[in-house]
Amino acid sequence: MSTACPTCRGTNRDAARFCKHCGTAIQAAPAEAEADPLQGLIGLDSIRQALVQLRTTLQGMKANGSGPRLSYNTIIVGGSGTAKSLIGDLIAQELQRGGRISKARPTVLDGNLAESLSNDDIKQAFGAAKNGMLFIDNAQQLIGDDGKAKQALNYVISAMDGSRDDTVVVLAGLPFGLREFIQKPESKNVTGRFQNIFSIPDYTMEQLAALVSHELGQANLALSPEAAARLEERCRYLAKESRKADSSLSAVNGYLAHIEAVAILSAYFRRAASDQVVRPEDIDGKIDQKKPIGEILADLDGIIGMDNIKGEIRSLYQQIEQQRKMAESGLKSERPANHFVITGNPGTGKTTIARLLGNIFEAIGMLSSGHVVEVDRSKLVGQYVGQTAPNVNHYCDLAMGRILFIDEAYALTAGSSGGA
């Protein structure tokens, strides 16, 4: 079955919501899909699945009419703008709908107040959240510089033990410090009270584009095919820029997608459009286009000198390409780690080589993004004991699917000046 677009008369699948030819909205989404709040979890498939399972479990327990109370204390770890608060709200809604708690909205406590929170403050918060959820935001602030639980977190654990599951507790915080605390075996006296630990990675360029499209769809706007292609290039740039160690962007993840959606919506209305279709000219700002491998190798050949390194890189490319073809043919092949040490005096092109490697690895599918996250000792090594591991984890997170380039790596060796 096919559906004709009312604007361009192009044919589309019967279930299509937007024309693949011109982007015009063909039909509204089914009412039940729009009404299901879990559909708003863009790119969070594993968490959506967990909440669907929660819904199914609660429905079964409610129908059965008896049995033990379901515990659903949860820790959510994710960067800024990764929908941690939304997930907390959705958990509360599902628990309330399933009869586990009586309040659909959580009681919120800010972890930034950790230093001033007393045991009485925590007890009062639990009292306000009784038969509901206590959502503790900025939970990373409950962890001290030494990587141990602050007194406020100990008060929370004590209150949880005394609440007899009357209150569901959700801790939500940034990875820095919180993730390392969760992973420590000695933290089990805390983490053992939580049935779920959700870890949310930063959004990919594809997820950013999906979030922008979702927000535009809520404003009843569709993207023309050309605009959709430009949005991908725009989100490619934004994702790369947001992963830089010294990014100039004022927002990341979902907040960044929201800002971009508002900018596109504003441009659409400024040109007095009325067709509900976003055009490429509505998507302003810098873009980043993926380079084909031939163009990247031409850039490599254009570098003056460094013939030995250029030969090594071409040889590496041929080796990786051969392994890729073997894998596509069903043949087993060992995938090399491909870590490199590049030595040379200042100004000899070490960073340029690293960037070319990133572009090559992306072009042949080894990396999801070819950009380089550049750091040095000052970014990796902490100023006090316990800070270095979170620092390293943070920049490794930024470089996932990319290249982590450690400049002046000799400064990390033992005996160099500064702390360890």
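# Helix packing, a pocket and a cavity

Helix H8 (residues 205-218) packs against helix H9 (residues 225-242) at an angle of about 125 degrees, and the two axes lie 8 Å apart. That angle makes H8 oblique to H9. The model is predicted.

**H8 with H9**

- The crossing in which H8 passes H9 is right-handed.
- On the H8 side, the residues in contact are Met 205, Leu 208, Ala 209, Val 212 and Ser 213, and they meet Leu 231, Cys 235, Arg 236 and Ala 239 of H9.
- By class, this contact of H8 with H9 comprises 7 nonpolar, 1 polar and 1 charged residues.

**H8 with H10**

- H8 also packs with helix H10 (residues 253-270); their axes come within 9 Å and cross at roughly 50 degrees.
- H8 and H10 are therefore oblique to each other, and their crossing is right-handed.
- H8 contributes Leu 208, Leu 211, Val 212, Glu 215 and Leu 216 to the contact with H10.
- The H10 residues that they meet are Asn 253, Gly 254, Leu 256, Ala 257, His 258, Glu 260, Ala 261, Ile 264 and Leu 265.
- The contact of H8 with H10 divides into 9 nonpolar, 3 polar and 2 charged residues.

**H6 with H15**

- Helix H6 and helix H15 (residues 388-398) pack at an angle of about 110 degrees, with 9 Å between their axes.
- Because angles of 65 to 115 degrees count as roughly perpendicular, H6 is roughly perpendicular to H15.
- Phe 176, Gly 177, Arg 179 and Glu 180 of H6 make the contact with Ala 389, Pro 390, Asn 391, Asn 393, His 394 and Asp 397 of H15.
- By class, the residues of the contact of H6 with H15 are 3 nonpolar, 4 polar and 3 charged.

**The second largest pocket**

- The second largest pocket holds about 940 Å³ of space.
- It is lined by 33 residues, of which Phe 340, Ile 403, Leu 404, Phe 405 and Ile 406 are the closest to its centre.
- Helix H13 (350-363) and strand E11 (403-406) are the elements that give two or more residues to the lining of this pocket.
- H13 gives the most to the lining of the second largest pocket, with 5 residues.
- The lining of the second largest pocket contains 18 nonpolar, 10 polar and 5 charged residues.

**The cavity**

- In the whole structure, the search finds 1 cavity of 30 Å³ or more.
- The largest cavity has a volume of about 30 Å³.
- Its lining consists of Ile 75, Ile 143, Leu 153, Leu 171, Leu 178, Phe 181, Ile 182 and Val 190.
- Helix H6 (residues 175-183) supplies the largest share of the lining of the largest cavity, 3 residues.
- The lining of the largest cavity divides into 8 nonpolar, no polar and no charged residues.

Key: Residues are numbered from 1 along each chain as its sequence is written. This is a predicted model: local features need pLDDT of at least 70, side-chain atom pairs count only at pLDDT 80 or more; totals for chains, interfaces and linings use all residues. Side-chain values use heavy atoms; hydrogens and water are left out. Axes are lines fitted to C-alpha atoms, for helices over the stretch in contact, and angles run from 0 to 180 degrees between N-to-C directions. Helices (H or I, at least four residues) and strands (E, at least two) are DSSP runs, numbered from the N terminus. Angles under 35 degrees count as roughly parallel, over 145 as roughly antiparallel, 65 to 115 as roughly perpendicular and the rest as oblique. A crossing is left-handed if the near helix is turned anticlockwise from the far one by less than a right angle, and right-handed if clockwise. Contact means heavy atoms within 4.5 Å. Ala, Val, Leu, Ile, Met, Phe, Trp, Tyr, Cys and Pro count as nonpolar, Asp, Glu, Lys and Arg as charged, and the others, Gly among them, as polar. On a 1 Å grid over the protein atoms alone, a cavity is a set of points where a 1.4 Å probe fits but cannot get out, and a pocket is an open set with protein on both sides within 12 Å along at least five of seven lines; lining residues have an atom within 4 Å of a point. Grid points are joined across faces, edges and corners, and a volume is the space filled by probe spheres set on the points.
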